Number of protein chains: 4
Amino acid sequence: MSLSAKPLLICAPHPRTLDLIFSPAKRAILFDKYEVVEVEPEDFDQLPDETLGRARYIVGQPPLSLQTLQKMPELKCIMNVESNLFDNMPYEYLFQTGVHVVTTGAVFAQPVAEMGLAMALCLARNVIDADLDFRNGNELWGRDGNADARLISGANIGIIGFGDLGRSLARILSGFQAEISVFDPWLPPSMLEEQGVHPATLDEVLSNSDYLFVVASVTSENRGLLNAQSFAKMKRGSAFILLSRADIVDFNDLMAAVSSGHILAASDVFPDEPLAPDHPARKLKGFIRSAHRAGALDQAFLKMGDMVLEDMELMDQDLPPMRCKRAERETVSRMRSKPVLVN
Amino acid sequence: MSLSAKPLLICAPHPRTLDLIFSPAKRAILFDKYEVVEVEPEDFDQLPDETLGRARYIVGQPPLSLQTLQKMPELKCIMNVESNLFDNMPYEYLFQTGVHVVTTGAVFAQPVAEMGLAMALCLARNVIDADLDFRNGNELWGRDGNADARLISGANIGIIGFGDLGRSLARILSGFQAEISVFDPWLPPSMLEEQGVHPATLDEVLSNSDYLFVVASVTSENRGLLNAQSFAKMKRGSAFILLSRADIVDFNDLMAAVSSGHILAASDVFPDEPLAPDHPARKLKGFIRSAHRAGALDQAFLKMGDMVLEDMELMDQDLPPMRCKRAERETVSRMRSKPVLVN
Amino acid sequence: MSLSAKPLLICAPHPRTLDLIFSPAKRAILFDKYEVVEVEPEDFDQLPDETLGRARYIVGQPPLSLQTLQKMPELKCIMNVESNLFDNMPYEYLFQTGVHVVTTGAVFAQPVAEMGLAMALCLARNVIDADLDFRNGNELWGRDGNADARLISGANIGIIGFGDLGRSLARILSGFQAEISVFDPWLPPSMLEEQGVHPATLDEVLSNSDYLFVVASVTSENRGLLNAQSFAKMKRGSAFILLSRADIVDFNDLMAAVSSGHILAASDVFPDEPLAPDHPARKLKGFIRSAHRAGALDQAFLKMGDMVLEDMELMDQDLPPMRCKRAERETVSRMRSKPVLVN
Amino acid sequence: MSLSAKPLLICAPHPRTLDLIFSPAKRAILFDKYEVVEVEPEDFDQLPDETLGRARYIVGQPPLSLQTLQKMPELKCIMNVESNLFDNMPYEYLFQTGVHVVTTGAVFAQPVAEMGLAMALCLARNVIDADLDFRNGNELWGRDGNADARLISGANIGIIGFGDLGRSLARILSGFQAEISVFDPWLPPSMLEEQGVHPATLDEVLSNSDYLFVVASVTSENRGLLNAQSFAKMKRGSAFILLSRADIVDFNDLMAAVSSGHILAASDVFPDEPLAPDHPARKLKGFIRSAHRAGALDQAFLKMGDMVLEDMELMDQDLPPMRCKRAERETVSRMRSKPVLVN
């Protein structure tokens, strides 16, 4: 195949890099199958018209003006590897003309689900403080060390949000014979039932769950959704595990609910990242902290490249992309997750 | 039913107590269905012949002489709620006469399996030290904090021993799409395959596993089974999780393998319990400590009473006990687990 | 709510009827929540402009001209309950303007999958002819009657096409510990792997399968895909089960492969329906016939109404439909399944 | 190893043969590891004392007198490959002396479960008569042919008896999202719950099941257990599938319940086998007949040899047999299944 016959792909994957998201072997395939033009996102508009005119794919989420997009008649898909959708391109134009906008956030589902289960187990069994006590010679043996210990097996699990991450969580919990209830107002109840979970209202998951996982994306509608009243509805001693974005909860209310001893909690996300050195969450008892580490595994980033390659292979055959998640006309403007600043 | 018509049951459940193993509701059922004689184990031999002559069940594991047993023609079952088998009764006589000896150790399978998974996840994701760093203001954010992080999903899991605990572990791992290999010389390979795990040799589970769980009981044959040579066969960076009894490993060799950085490890059991205040395991990096807490949950102890009631109901109908695990002629004398001193 | 405030829905569900697809209870909900205008498909264009102008949904697949659609600015979705996509409306205009076109064919997935498994089991165990022999007094007892009998457990299963039906089939086969390989050129391999099946080429599923299920929709590309050469690649004695549309196979070649004894087969679909009275398929040995009955259960039709109601509830909140399957710009024009003439 | 050093095994596998139960490869292993003495069951007592004195295993179920057994001090296990337990040996003596009596009936669990599911699906979808109608040109197309068709997915399943076969059935049904209730008075309820099925009374499984499978062995207590009153409790139109032994039902009552149209039924077993040529079951509508073919697959018989080899390997190491099922003191005398006359 002559170089010019290869489909053209423009790469602007910031904050990712090609090396972060493609293994050497997959990177070789990428360069073998495609003519790859790399550009900084802020320089995208300055690409030559000839390049824009031939480009079939954009990997990344550079700011795109309508004017630029109108120069790109061959464009089939914008593959957003940051995975949050920024308001930096005319989505309506893209939907009209049939250019897909897809995200690769599903790569984080499995690692975040595993971290969520780790947190739930650590809260249930007091794993962290028991290890610290053991280091310090203060450990309690056997049953004496299990005052509030309980199982996940047979417990009531609640999940708020049932996208890729919620489904991954349900899957790794499938061996526990637990009852899983899900609140997700964007999904019809029968689809939840088909996946073996119980559809529920927000109040039901709050008041019935022994372990409540929050994995919903932040939208214009659910910012601050969970506050003091919500935590008050939770069962005494139940565990609240926050895995998606801090904006979905009132963080001060969460800390108050934990410090009062009403609930236990764990969080991978914080109102400010990095968090202030003197933030009270750092010393809060009954709380497990993770510094936005749940998803950011190299194994996950490398799956981004795999997904991009698989979907481009479909689109090269004039098929729709199936592997990545497509932005939707109805919801693209509701998304409010903050961008990540570091990988 | 007149009181004398109730089957007689002698209770000597030390170190358990009736209140530990029976919920109030189940305890009421016990006393309603059976004439219950409570005795200290060391006083068992002094029970009146009339009592011994009518006893259908013993709950506990008191020392029993042949002479005493010969006074118990109605005895159907000794229900050992300590769950290790001591060498304090003439088992051969019991087997000959068809008196069952059963143990309730299966109640610990689920809690220990969950603790084992908690340990594996904590090792995989550095959950404990990351929380400590966060408390101390030294946390690393996102990918920077995930230097050696890895998933359980898709990993190679090894399990040594596939009794109740091994099966519970395999079940709670069933949602992870991991390959599970099992070494258990007491089970035929096809039974392992039927349960969806791969039969393997000891060398195979040592050298192939990313996470290796040891859940085998201690026997006369496997004491010290795992030593420096064994750990050397493990993959660099793999995780060793000890959940059954410390005697199955050379503990000094285990600590050396961890302190050298070759493997990570976690253990619920120790060569001495409690462990000496200055024991180096207390400060060992790459090691998670649990003070024999994995199984000793109140939820678990209460299941002992449930199991005892269910099996007595079967035996009352001249059916064999199915819920508890029966001691076997061939293996009873090979068991070498130390008794527990505390619950 | 005043009647005029209800969203307007135009019903033209031919060949379905409202009573076929809505239970009385669901029909009551439909009429309570929506202003329902019923119309014959051929009269759609004659609806008053006022009605068209207010309509939010169309249930059915009436012929729609661009002119008519342009009178429908409130239209959000065309809910095709026939479930094949006819070339009777300007899809491109619908995609541009963001009107969804969705189908409810997923309701047939479960019933067709169960019929497919019934056929596979009947072929594997010669259930039908053995019952006939028994009626006639010619039965063979025990092993004598099991000359070619074999299991599904542990067999190699092939599936061509992995949409709703393929996934249902994989799910009901999940308890058989069988290896399932799938050929579906419209799906990336990693999505198949995530669902626990092996991605495979067409040749691989043909040559390796003990049971091969064809559940792909007919497209412009796969008409006549399976022919004499294909069947020759299959293992002697393997079973071919056709569940989607007859056009995907060369039916004469299929019959030849069965009558030669090379393979066994079953089919729910035929080149002409009804089939000619003297068609040789009627008497073919080694062949099981089903008169396009696999999906057409009342239970299935009633789920159509459930799906329509669930998705309208989402769209009423300006959310995208999730329950029904959306037509895709890239593939809508490739679909070639014949319409059904009867339910 | 010198021939005399090999453990001695006496083979009297009637009605099986060595070639039926051992593949050539496994047979070679058998003869390599063991000194094999083949004998007709009726000649067993005439074996030389020296042979009896050295024999470690008997494969088969020959009549054994106490006198003969007393000459066999090395005997560890009688491996009954017929799999019903006859009253032709002093079991009590065997239990006292610790000689295991094991059966290999588990090999039939998978094939019988698959046949049971085949029958259930054929009854649910009228597969057999619909194929006959199609052969004869009387088929009804689509929904017209599905008057009483229904799904297994989502149905209430009942199972009577939860040994190997019941568990196999539950496993192959696991993908159907059906509720499974089990009546088995020999098992404690919590063991059923652990396996994901609901413990139930006989009346509950009769009155609630859409599909009721009978897989219990015949015992002295359950002969004729299911009769006219039982069938009257079943839901109109529900399906009764008999897979174990005919003696557990009153067969005339079963036929009456079917011919009245109250229930549908299928059976693999009959009061007399072979069944009289003019027996009314042959022409009964709503009934599927299988001539005791459900288990008797070559694949199953060959697993018998595998199981025997695996358990002998354990016993050769002084471990208990785990693969085959052990006869139990309490229940051996209650078993009443008729012997099989043919394989």
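How far apart are the nearest C-alpha atoms of chain A and chain D, two chains that do not touch? They are 8 Å apart. Here, two residues are in contact if their C-beta atoms, placed from the backbone, lie within 7 Å. Chain B and chain C likewise have no contact, and their closest C-alpha atoms lie 8 Å apart.

This is a predicted model, in which local features need pLDDT of at least 70, side-chain atom pairs count only at pLDDT 80 or more, and totals for chains, interfaces and linings use all residues. Residues are numbered from 1 along each chain as its sequence is written, while chains are lettered from A and ligands numbered from 1 in the order in which they are written.

We turn next to the chains that do touch. Between chain A and chain B, the contact takes 51 residues from chain A and 52 residues from chain B. On the side of chain A that touches chain B, at least two residues each come from helix H6 (109-125), helix H7 (127-135), helix H8 (164-172) and E12 of chain A. Helices (H or I, at least four residues) and strands (E, at least two) are DSSP runs, numbered from the N terminus. H6(A) supplies the largest share of this side, nine residues. By class, the side of chain A that touches chain B has 25 nonpolar, 12 polar and 14 charged residues. In this division, Ala, Val, Leu, Ile, Met, Phe, Trp, Tyr, Cys and Pro count as nonpolar, Asp, Glu, Lys and Arg as charged, and the others, Gly among them, as polar.

In the other pair, 51 residues of chain C are in contact with 51 residues of chain D. H6(C) gives the most to the side of chain C that touches chain D, with nine residues. A rotation of 180 degrees, with 0.0 Å of shift along its axis, superposes chain C on chain D with an RMSD of 0.0 Å. The two copies are thus related as by a two-fold rotation axis. The same surface serves both copies, since 100% of the contact residues of chain C recur in chain D. The superposition is by least squares on the C-alpha atoms of residues with pLDDT of at least 70 in both copies.

Within chain A, an open sheet of seven strands has the order E8-E7-E6-E9-E10-E11-E12, with parallel pairing. Strand E8 (198-199) and strand E12 (287-289) of chain A stand at the edges, each with a single partner strand, so one side of each has no neighbour in the sheet. Two strands pair if DSSP finds at least two bridges between them. Four bridges join strand E9 (residues 211-214) of chain A to strand E10 (residues 239-242) of chain A, and A:Tyr211 stands opposite A:Ala239 in E10(A).

Some details of the backbone remain. A cis peptide bond, with omega about 5 degrees, joins C:His14 and C:Pro15. C:Pro15 lies in the loop between strand E1 (8-12) and helix H1 (18-21) of chain C. Another cis peptide bond joins D:Glu273 and D:Pro274, with omega about 0 degrees.

C:Ser83 has a positive phi of about 90 degrees but is buried, with 21 other C-beta atoms within 10 Å. A residue is buried if 20 or more other C-beta atoms lie within 10 Å of its own, exposed if 12 or fewer, and partly exposed in between, with C-beta atoms placed from the backbone.
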